[in-house]
Amino acid sequence: MSPRHNRPRRGESPDERPSTGYDRYGLERVEEYQGEEWRVRQVAGAGAAGKRYRCPGCDQEIPSGVPHVVAWPEYGGVDDRRHWHKACWNAKDRRTSRVQRSRNAPRY
């Protein structure tokens, strides 16, 4: 069996291929939120072993290994990225601007 070749099909240049929306890290899209455009990417969660993130939507922790969404402003940098639960990102427009923690939520 010969190895796979990543060459364009006969008569097809790389510019003529249909765009799938995928980049090196996965499916990425642009959405509107709070009057600006945000880039949104689905994350499997398996790559960051031991890392935990706090969801800005519900203010709860996202444990390592849990699939979630990473979003950042279109013209923002690496420091502007936020990790959201998928359900929290989808409900972001229906939530109030002030999220309060429950009594048993951690303080950090």
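The accessible surface of the chain, computed on a predicted model, amounts to about 8,700 Å², and carbon and sulfur atoms account for 47% of that area. Of the 108 residues in the chain, 25% count as buried (under 20% relative accessible area; exposed is over 50% and partly exposed lies in between, with a 1.4 Å probe and protein chains only).

One helix and seven strands were assigned to the chain, where helices (H or I, at least four residues) and strands (E, at least two) are DSSP runs numbered from the N terminus. Their order along the sequence is β-β-β-β-β-β-β-α. Of the contacts (heavy atoms within 4.5 Å) between residues at least 6 apart in sequence, 45% join residues at least 24 apart.

The structure contains zero disulfides, a disulfide being a pair of cysteine sulfur atoms within 2.5 Å. For Cys58, the closest cysteine sulfur belongs to Cys88 at 3.7 Å, which is too far for a bond. Cys88 is likewise in no disulfide, its nearest cysteine sulfur being that of Cys55, 3.7 Å away. Cys58 counts as buried because its relative accessibility is 18%, and Cys88 counts as buried because its value is 5%.

Residues are numbered from 1 along each chain as its sequence is written, and side-chain values use heavy atoms, with hydrogens and water left out. As the model is predicted, local features need pLDDT of at least 70 and side-chain atom pairs count only at pLDDT 80 or more, whereas totals for chains, interfaces and linings use all residues.

Notes
Accessible areas come from the Shrake-Rupley method with a 1.4 Å probe; for residues, only the protein chains shown count as cover.
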